[in-house]
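Thanks for coming, everyone. I have one structure to walk you through today, so please have it open on your screens.

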Amino acid sequence: MTRPDALFSRVAYIGCGLINGSLARAMTAAGAVEHQVAFARTQATRDRVRELGIVDSVADAPAAAVRGADLVVIGTPVSAYGDVAAAIAPALQPGAIVTDVGSVKTAVIRAVAPHLPAGVHFVPGHPIAGTEQSGPDAGFADLFQSRWCVLTPSPATDAAAVAMVRRMWEAVGMHVDEMDAEHHDRVLAITSHVPHLIAFSIVGTVTLLEEHLQTEVMKYAAGGFRDFTRIAASDPQMWRDIFLGNKDAVLEMVARATEDLAGLQRLIRHEDGDALIKLITRTREVRQGVIAFEQD
Ligand code: NAP
């Protein structure tokens, strides 16, 4: 179908799970693309993407997917990025834009950039939107609505290519910011990676309790623990890749959080109620800030 207002004539998705599957749906809803093609690693996922009809065609190899595409969106687990970039590089057309949705950015740039031929524009990106679900069935068109997307192009990146990727995310409802990749990784370490790490740790503690205690914890799961279990149900491979791909920033932020936790223990030990009130009053204000930014 010809869409006169489409931003792109052919978009190729490498990986078609929660994020790329949602983006494909949202791009269709926005009328932002004429033809969408997807590749996924397994035949089972490729068949499912075909059945769901979320793209116009499904390719059986990554190079076949990107041939003739003006935009390529890499949306696999981050540890696959290097192999994906090597596989698609020979088939990319001059002037094509390659972007991605990976949750870490310096590791992604290190893995992808060396493979891309001259004349292809790489605009790394991270839509800060998601759920603990995976796979193409989990995707939905509204996932990105009113959320933030961070682009981390290098200063040398073609400005027109960056502008096109920005327009794509805006077309599916996102606010877009640009920053350098190292800064992105430090910010996300504290807003996303360390909170997940704490959830994996606390829920992991429960798995080591005696069996009768484990049952009781699940039975009487109050708000706090229940919310941790939702976060801790996230995809294991994705989170392994995030922790290893953002190792330095995660370790730095965990060290700070550990210090603060020790401080909190001390307040309780010394029964310093006033300091506890002060801290929790401050943390409540952070919640108000999140609500004010409409990110609750
Ligand atoms: P997902 O639902 O598990 O989907 C991953 C997709 O990648 C699947 O289609 C999978 O195909 C495919 N894949 C895996 N290995 C591949 C390979 N070697 N070559 C080609 N395709 C491959 O994952 P997701 O949640 O969409 O996450 C994708 C990316 O988005 C990750 O880099 C993640 O960091 C980022 N991200 C995730 C979230 C979130 O909340 N989930 C939020 C923002 C960004 P098969 O099913 O055939 O294996």
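Let's start with leucine 71, which stands opposite isoleucine 97 in E5. That pair belongs to E4 and E5, which run parallel and are joined over four bridges; strands count as paired if DSSP finds at least two bridges between them. When I say strand or helix, I mean DSSP runs numbered from the N terminus, with helices (H or I) of at least four residues and strands (E) of at least two.

Before going further, a word on where this comes from: it is a predicted model, local features need pLDDT of at least 70, side-chain atom pairs count only at pLDDT 80 or more, and totals for chains, interfaces and linings use all residues. Residues are numbered from 1 along each chain as its sequence is written, and side-chain values use heavy atoms, with hydrogens and water left out.

Back to E4. Which residues cover its two faces? Leu71 and Val73 are on one side, Val72 and Ile74 on the other, and all of them are buried. Buried here means under 20% relative accessible area, exposed means over 50%, and partly exposed is in between, with a 1.4 Å probe and protein chains only. As a reminder, side chains in a regular strand alternate between the two faces of the sheet.

On another side of the pairing list, E4 (residues 71-74) also runs parallel to strand E1 (residues 8-14), joined by four bridges. Within that pairing, alanine 12 stands opposite valine 72, and tyrosine 13 stands opposite valine 73.

Now zoom out to the whole sheet. Six strands make an open, parallel sheet in the order E3-E2-E1-E4-E5-E6. Strand E3 (57-58) and strand E6 (121-123) are at the edges with a single partner strand each, so one side of each has no neighbour in the sheet.

While we are here, look at threonine 99 in strand E5 (residues 97-100). Is threonine 99 buried or exposed? It is buried, at 0% relative accessibility. A polar atom of the threonine 99 side chain lies 2.5 Å from the backbone oxygen of valine 123. For polar contacts I use pairs of N or O atoms within 3.5 Å; within protein, one must be able to donate a hydrogen and the other to accept it, and residues adjacent in sequence count only if both atoms are side-chain atoms.

Three strands, in the order E7-E8-E9, form an open sheet with mixed pairing. E7 and strand E9 (175-178) are the edges here, each with a single partner strand, so one side of each is left without a neighbour in the sheet. Neighbouring strands of this sheet are turned by 20 degrees against each other on average, direction ignored; for such angles, axes are lines fitted to C-alpha atoms, for helices over the stretch in contact, and the angles run from 0 to 180 degrees between N-to-C directions.

E7 pairs with strand E8 (residues 148-151) in the antiparallel sense over four bridges, and histidine 126 has valine 150 in E8 as its bridge partner. In the loop between E7 and E8 you will find serine 146, whose phi is positive, near 65 degrees, although the residue is not glycine. Serine 146 is partly exposed at 33% relative accessibility.

Finally, the ligand. How many residues surround the ligand? There are 28, and the closest are Arg41, Thr42, Thr45, Ser103 and Gly135; near means that a heavy atom of the residue lies within 4 Å. That shell divides into 14 nonpolar residues, 13 polar and one charged. In this count Ala, Val, Leu, Ile, Met, Phe, Trp, Tyr, Cys and Pro are nonpolar, Asp, Glu, Lys and Arg are charged, and the others, Gly among them, are polar.

A polar backbone atom of cysteine 16 is 2.8 Å from an oxygen atom of the ligand. A side-chain N or O atom of arginine 41 is 2.7 Å from a ligand oxygen, and a backbone N or O atom of glycine 135 also lies 2.7 Å from an oxygen atom of the ligand. Taken alone the ligand exposes 910 Å², of which the protein buries 87%; these accessible areas come from the Shrake-Rupley method with a 1.4 Å probe, and for residues only the protein chains shown count as cover. The elements that give two or more residues to the shell are helix H1 (18-30), helix H4 (81-88) and strand E7 (125-128).
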